[in-house]
Amino acid sequence: ICLWVVVPADAFLMKRLDGAAAYDSVLDITWTTDASLSGLNNWYDLVAWADSLEYLGFVDWRLASLEVSAGLPVGRTTGLNSRCSVYMTEPDCRDNDLGYMSVHNLGGIYPEDLTGTQTIGDVTLTNIQNGYWSSTEIDDNGAWSYWFNLSIEGFIPDFKSEERYGWAVRDGDVAAVSEPPIVLLLATGLIGLIGRARIRSA
């Protein structure tokens, strides 16, 4: 049996940086469109990878969370308040980065596989894997993972030493960091220097 969840009108991904990133206008976060950029690794290494990631001109990436309100970049919780699945309402999922992507951006079809390449409007997400580590931990040894092939997080915390993929996000919209004005200022300065040089030579 498959359950289809109607994607609300305000749930929307927008292409950014020539398709290398996608902005979620509801959660106000930007995703890398390559969903396995991290490679396969344990929780510790993936948190460190995201924290040190320099990509697309930005250095403030983090590992996607399952409970943003628990604290970032790494939040600790003894139980998920935001269990986003195909059974939850859209507002209930907004504290859950990975759950929101799976259920409300990708459509939340269960048990159909949401892995591989998925296109949403003009956004193409590539290399979506089954299992992802989130940044949300439960204790020194365990953390929460999310399963895209099931559209649900793990029912019990997994050992951090186990290998999963990680999906990097950054808060805000990359389009808000406007590069053209900087280029324009540099070009204006260069024109001014050329003008001064011509005046001096004259």
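These are my notebook entries on a predicted model.

**Ground rules.** I number residues from 1 along each chain as its sequence is written, and my side-chain values use heavy atoms, without hydrogens and water. For local features I need pLDDT of at least 70, and side-chain atom pairs count only at pLDDT 80 or more, while totals for chains, interfaces and linings use all residues.

**Overview.** I looked up the secondary structure and found three helices and 13 strands; helices (H or I, at least four residues) and strands (E, at least two) are DSSP runs, numbered from the N terminus. Of the 202 residues, 46% count as buried, where buried means under 20% relative accessible area with a 1.4 Å probe, protein chains only.

**Helix α2.** Next I checked α2, residues 97-105, and found nine of its nine residues buried. Among them are Tyr 100, Met 101 and His 104. Gly 107 follows α2 with a positive phi, near 105 degrees.

**Strand β13.** I then asked which strands pair with β13. Two strands count as a pair if DSSP finds at least two bridges between them. β3 (residues 29-32) runs antiparallel to β13 (residues 168-171) over three bridges, and Thr 30 stands opposite Arg 170. β5 (residues 62-63) is also antiparallel to β13, with two bridges; here Arg 62 faces Val 169.

**Trp 133.** I found this residue in strand β8, residues 131-137. Is Trp 133 buried or exposed? Trp 133 is buried, at a relative accessible area of 0%. A polar atom of its side chain lies 2.9 Å from the backbone oxygen of Glu 162. The charged end of Arg 164 sits over the Trp 133 ring, 5.2 Å from its centre; my test is CZ of Arg or NZ of Lys within 6 Å of the ring centre and within 35 degrees of the ring normal. Lys 160 lies over the face of Trp 43 in turn, 4.1 Å from the ring centre.

**Aromatic pairs.** I list eight aromatic pairs: rings of Phe, Tyr and Trp (its six-membered ring) with centres within 6.5 Å, stacked with planes under 30 degrees apart, edge-to-face over 60 and tilted for the rest. Tyr 146 and Phe 148 are edge-to-face, at 5.4 Å and 70 degrees. Phe 148 and Trp 167 are tilted, because their planes meet at 45 degrees, with centres 5.8 Å apart. Phe 148 lies in the β9-β10 loop and Trp 167 in the β12-β13 loop, so this pair ties together parts 19 residues apart in sequence. Both rings belong to a cluster that also includes Trp 31, Tyr 132 and Tyr 165.

Definitions and conventions: Buried < 20%, exposed > 50% of the residue type's maximum accessible area, 1.4 Å probe, protein only. Polar contact = N/O pair within 3.5 Å; in protein donor to acceptor, adjacent residues only side chain to side chain.
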